[in-house]
Amino acid sequence: MADQSVTRPIFEGVGTPGEIIFYVLATASIATFGYGVWRRVSKYRRGRPAGRGKTIREALFGHPFAGVRERGDRGSAGVVASNASVARGSPMVGLAHFGVFWGFIVLFMGTVILTIDYDVVRLAGKAFTGHDIRFFHGWFYLIYSVVLDTVALAAVLGLGYLIVRRWLLKPSRLDYTRAAEPDGGSDRSQFVRGDWLFAGGLGLILLTGLLEEGARIRAADFPSFEVWSPVGWVIGRFYEVIGISASASYTLHTVLWWVHALLALAFVAYLPYSKAMHMLADGVDVLAHDRTATLALPESAPDTGHAGYTTIEDFTWKELLDLDACTKCGRCHEVCPARTAGAPLSPRDLILDLRQWVDESSGGIAVLDREKRSVEPGADAAIAGDVIKSRTLWSCTTCMACVQTCPVGIEHVPTIVQLRRTLVEDGDMDNSLQQALQNLAGQGNSFGKSARMRSKWTKKLDTKITDARKEPVKYLWFVGDYAAYDDRLADNSRLLARLLTEAGVDFGILYEAEWNSGNDVRRVGEEGLFEQLAEHNIEALQQAQFEEIFTTDPHSLNALRNEYPKLGAKYTVWHYTELLAHLVETGTLPVQQLGLRVTYHDPCYLARYNGVTEAPRRILSALGCELVEMPRNRTNTFCCGAGGGRIWMDDSFLSERPSENRIKEAATLDVSHFVVSCPKDMTMYSDAVKTTGHADSLTVLDITQLVAMAAIPPENEPLEAGVSG
């Protein structure tokens, strides 16, 4: 259909003076928008390289794309286009946001197409041929109309659902109540007003556009081809039904055209100064997202003369972009174990506090998207200690739940650790943490015991474990501090050694040459001590003879798998449950059916950090256990509260320890055993089951103990599992 009458006029009813006014306002709107974006980008450019490209452009269009595809991570164009990260855990929210997201993009593209046709092609045609040359007619116009009407309707419905959800359903995650009030109190009512202005303004733009289209179709007396504008056609018929004449519709169209145009131009100008900035920042942040920056933490800012962050220039451009990308959706706030336990940490609040400080330090650009405080941090305020309180930073367990759940790719944990490094340099820490760090520096373990006592647990074994420094072995067992030094866990270590020996596994240990892996030391912020521990262990590993490593401790697993390769020490590293699962499933370690009803807790550093979720479940299945899943399981697990060095710190200020929260959750499942696969979990939950009063009904077991209960040794007598309540 090439009929040039199948189209619509662009400035119908506006007139030449109106066109001039529109173009003047449009120029002012675009200039205001451009200045705001320039201010934002100038702020990001103050940041350091982010380890994924020296510049934003390099990060988005250079090598990291191949990396994120290889990791199967969220940082891909497909995730941005599908809104998959928004839909994760909230399918309806994802679907609604998908409609708004693509509605905005397609409608914007429609405006660009119209501008090209009217302001470029038409004028060029007049200049070179003396005639109007247009492509906005015929089949092109019909397809254009149906596509834009469809996405506009999807955007209206999606935005409507999000508005109803936020202000009528009121999910708790959207409550802006802080985890802890700053000195003098605060007021976040401007956040709410900003939300209303953003959602309401976008909604009015969409609705006035559709209402204006309906008035235009009614004024033209329903040209047959306008059925290709289905929403506008229905609205036009509605006008007809309620008695609005064609001439009145013409006037209504002109009024609505101006209202729509002014709203759209105002929105464009307002965008970089408001919450709407996330519409520009989020796609970039998701594309640049790299969860491996949490698995293997970045180094401190080089050549600054200090550890951690003390100025805006210490932040990377990605971290500064993270601050503007936050939509205040509250997902990180909701899942944070520290916040749940009553600690003064909310990942959302931390990001918003940093954003406001950076914004004010950069001259201020946000209009409503800011918090009012009675006491503002001064110009000389320390980021770590004043802007973000020390207790807030020390509350983090580095469980990575915030990073995992964030739909826009914000990386909270590396930023928190960088600020912790400043606190460590200043000596601002708990006495108990300071003592643990001193023990680690002096003895290589947090218990402060002699290195020669590391292998004391092996003394009661019938067979001496091979010293991998002296004899070659297939597997090197990196035992970890708690499994080696904690007397309550020594039985589990011996059980595992006996199981492996019965199965004929060729393994050995490093004895006193093994030191703490340094995983939690690094997350505390003690970078120098981490390097000391890692260098010692790497030297010991180089002197040993082995093919692969397995470890009892998920924290050690993370260091060996993800941190040490950056130091030139790359090995194949397994968690002990992966090895046990292989032995049980192949029949190398024969087992009998236990028939127990159990639940299983996924350790953060095993499941969320390293993706090991199925091996423990395969073991439980092979043992004939009925597994009742915890409500929060696999990579959506809930932290025990020990990570990030928290196990070395005072937790008496918490209203409820995360481990206690978890045990209460398990107590509702009607199970007899709470199964763990981490020595720290064994310690935390053995205490929690007593403090919550569930010791008589719920037994905490390491999965090794279950395997030992089911194991069938050559003499057909089960191994003694050493089970206690």
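Strand 8 (residues 597-600) runs parallel to strand 9, and the two pair over 2 bridges; strands here are DSSP E runs of at least two residues, helices are H or I runs of at least four, and both are numbered from the N terminus. Two strands count as paired if DSSP finds at least two bridges between them. One of these contacts can be named: Val598 has Leu627 in strand 9 as its bridge partner. This is a predicted model, so local features need pLDDT of at least 70 and side-chain atom pairs count only at pLDDT 80 or more, while totals for chains, interfaces and linings use all residues. Residues are numbered from 1 along each chain as its sequence is written, and side-chain values use heavy atoms, with hydrogens and water left out.

The pair belongs to an open sheet of 4 strands, ordered 9-8-10-11 with parallel pairing. Strand 9 (626-627) and strand 11 (699-702) sit at the edges, each pairing on one side only. In general, strands of a sheet pair through backbone hydrogen bonds. Helix 28 (residues 614-622) lies across strand 8, strand 9 and strand 10 (673-676), at about 175° to strand 8. Contact here means heavy atoms within 4.5 Å; axes are lines fitted to C-alpha atoms, for helices over the stretch in contact, and angles run from 0 to 180 degrees between N-to-C directions.

Turning to charged side chains, the count comes to 54 salt bridges, taking a side-chain nitrogen of Lys or Arg within 4 Å of a carboxyl oxygen of Asp or Glu. Arg454 and Glu514 meet at 3.2 Å, N to O. That pair ties together distant parts of the chain, 60 residues apart: Arg454 is in the loop between helix 20 (431-443) and strand 3 (466-467), and Glu514 is in the loop between strand 5 (507-509) and helix 23 (519-524). Both Arg454 and Glu514 are buried, with buried meaning under 20% relative accessible area, exposed over 50% and partly exposed in between (1.4 Å probe, protein chains only).

Arg523 forms a salt bridge with Glu563, the closest N and O atoms being 3.0 Å apart. Here the link runs from helix 23 to helix 25 (residues 554-563), with the partners 40 residues apart. Arg523 and Glu563 are buried too. Elsewhere, shared partners join Arg178, Arg188, Arg348, Asp349, Asp353, Glu371, Arg373 and Glu376 into one salt-bridge network. Within it, Glu371 and Arg373 meet at 2.7 Å, N to O, and both of these residues are buried.
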